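Welcome! Here is a friendly briefing to read alongside the structure, grouped by topic.

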Amino acid sequence: MNPSALSRISSRICRAVVRPRKLLNLRSMTTAGMSERVAQTNDLPKKDKILFTPGPLGINHETKLAMIRDLGSRDFEFMATIKEIRTKILDIACISREEFTMVPMQGSGTFAIEAVIMTMVPKENGKLLVAYTGSYGKRMVEIAQYSNIETVVVKNDEDKFIDVKAIEDALKADPSITNVAVVHCETSSGVIHPIHEVGVIVRKYAPQATFFVDAMSSFGAVPVDMKNIDFLVTSANKCIEGTPGFGVVIARKSSLLECEGRCRSLSLDLYEQYKGLEANGQFRFTPPIHSILAFKKALECLEVEGGIEGRGRRYQENRRVLREGMKKLGFKEFLNDDHSGYIITSYRFPTDPNFDFKTFYSSLSEMGMAIYPGKVTEADCFRIGTIGYLHPQNIADLLVCIEKVCKNMSIALPVKY
């Protein structure tokens, strides 16, 4: 083929590649242009809903922007980012880098919880004690059952704290228990359990056992003392306000190193994930690159806000505004005043015959306010979260919308029970 013919073919190929980009308008490839295109498209939402849910949570604009780039999974910059977020988490938790490590695990928070359970419980003679009062503690029992792990269950009512005395009695009665697991904040109800008391009990009566805490919706806003905890899990998209995509496992190194060869899963092997990250700085399987880039920015935003204490103050103020406003409207909380959690609040359905949750929920959603159905099994409830990128004014706006919806539904205010 002569040079002139080759040149003509190359020109045609270039025009074929470039033409679709012209149709899209190159200006739309910028963030501003993309927003303009979305706003001009009738079948796409013009405005995001405000999320008053336990997850997924709303995140700030800076964190979203951090995702708008591509990096290879073996790119040196990306591996440096993984190393940075692993060490920053330990710094935020105020724990030693020599004693603890952070292992990111692809998937939702439940993936990380399952990874810990399947990795930490010995295959031979392993026995897991799970103390719980709600749906997310029950989920840990179900995970153990799927893996054929022998399980001791210490259950209490959904509106109560886990029974520390019952845990103590169970540990005294059965010295063969190898692992203990509890949920810190039970987001089906809003209860924040006394994990530190449980940790003391485990160390005293079962010093051979490892202690695992599901701090999915609390870590990053509620202080946690890791002194007696061996494994702790949270999600990138809870109080740290990153995007969904991976779970965060904080592990005591000595406990994790005992887990070699225990895992009942290939992809959820926490020990092998740790060894891979330590060896070459890479995930064993395809990493959630964009979520990790966002997480790095989210950690920076957390530090600017004042760390765990600073973020906790904002969430507590959100909760105060919500509690006072809903009380004025007559709504009754599922939990009594013994509970002071500020992550999520469950409200009982009013007895007014005009109240219908589906209509209530849909009407608020049409106003751009997304609350959450209940997960309590003992009562009809709905939930309102006060974590994520929410501020007191957002809560005040929600209260205005709730009052308006109630009036539109002909529900007498304050609501009756």
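In the largest nonpolar core, which has 85 residues, Phe-212 and Ile-250 touch the most other members. A nonpolar core here is a set of buried Ala, Val, Leu, Ile, Met, Phe, Trp, Tyr and Cys residues joined through side-chain atoms within 4.5 Å; buried means under 20% relative accessible area, exposed over 50%, and partly exposed in between, with a 1.4 Å probe and protein chains only. Apart from this core lies another, of 26 residues, among them Phe-331, Tyr-347, Val-405 and Ile-411.

This is a predicted model, in which local features need pLDDT of at least 70 and side-chain atom pairs count only at pLDDT 80 or more, while totals for chains, interfaces and linings use all residues. Residues are numbered from 1 along each chain as its sequence is written, and side-chain values use heavy atoms, with hydrogens and water left out.

**The chain as a whole**

- The protein chain has 14 helices and 14 strands; helices (H or I, at least four residues) and strands (E, at least two) are DSSP runs, numbered from the N terminus.
- Of its 417 residues, 53% count as buried.
- Among contacts in the protein chain with a separation of 6 or more, 72% come from residues 24 or more positions apart; contact means heavy atoms within 4.5 Å.

**Strand β10 and Ile-250**

- Strand β10 spans residues 246-252, and seven of its seven residues are buried.
- Which residues of β10 are buried on each face? Phe-246, Val-248, Ile-250 and Arg-252 are on one side, with Gly-247, Val-249 and Ala-251 on the other.
- Leaving aside residues up to four places away in sequence, Ile-250 touches residues including Ile-89, Leu-90, Phe-100, Phe-219, Met-226 and Phe-231.
- Strand β2 (residues 100-106) runs antiparallel to β10 and is joined to β10 by seven bridges; two strands pair if DSSP finds at least two bridges between them.
- Met-102 has Ile-250 as its bridge partner in β10.
- Strand β9 (residues 231-235) also pairs with β10 in the antiparallel sense, over five bridges, and Val-233 has Val-249 as its bridge partner in β10.

- Strand β5 (residues 179-183) is mostly covered, with five of its five residues buried.
- On one side of β5 are Asn-179, Ala-181 and Val-183, and on the other are Val-180 and Val-182.
- Strand β3 (residues 127-132) runs parallel to β5, and four bridges join them; Val-130 stands opposite Ala-181 in β5.
- Strand β8 (residues 210-214) pairs with β5 in the parallel sense over five bridges, with Val-183 standing opposite Asp-214 in β8.

**Helices α11 and α12**

- How do the axes of helix α11 (residues 289-305) and helix α12 (residues 307-329) cross, and at what angle? They come within 7 Å and cross at roughly 80°.
- Axes are lines fitted to C-alpha atoms, for helices over the stretch in contact, and angles run from 0 to 180 degrees between N-to-C directions.
- α11 and α12 are therefore roughly perpendicular to each other; the term covers 65 to 115 degrees, while angles under 35 degrees count as roughly parallel, over 145 as roughly antiparallel and the rest as oblique.
- The contact is made by Cys-301, Leu-302, Glu-303 and Glu-305 of α11 and by Gly-307, Ile-308, Gly-310, Arg-311 and Arg-314 of α12.
- Lys-327 lies in helix α12 and is exposed, with a relative accessible area of 68%.
- Lys-327 and Val-415 are 88 residues apart in sequence, yet 9.6 Å apart in space, C-alpha to C-alpha.

**The three-stranded sheet**

- An open sheet of three strands has the order β11-β14-β13, with antiparallel pairing.
- β11 (344-348) and β13 (372-373) stand at the edges with a single partner strand each, so one side of each is left without a neighbour in the sheet.
- Two bridges pair β13 with strand β14 (residues 381-385) in the antiparallel sense, and Tyr-372 stands opposite Arg-383 in β14.
- α12 packs on the sheet, touching β11 and β14, and its direction makes about 10° with that of β11.

**Helix α13**

- In helix α13 (residues 357-366), the buried residues are Phe-357, Phe-360, Ser-363, Leu-364 and Ser-365.
- These buried residues pack against β12 (369-370), β13, β14 and α14 (392-408).
- After α13 comes Gly-368, whose phi is positive, near 85°.
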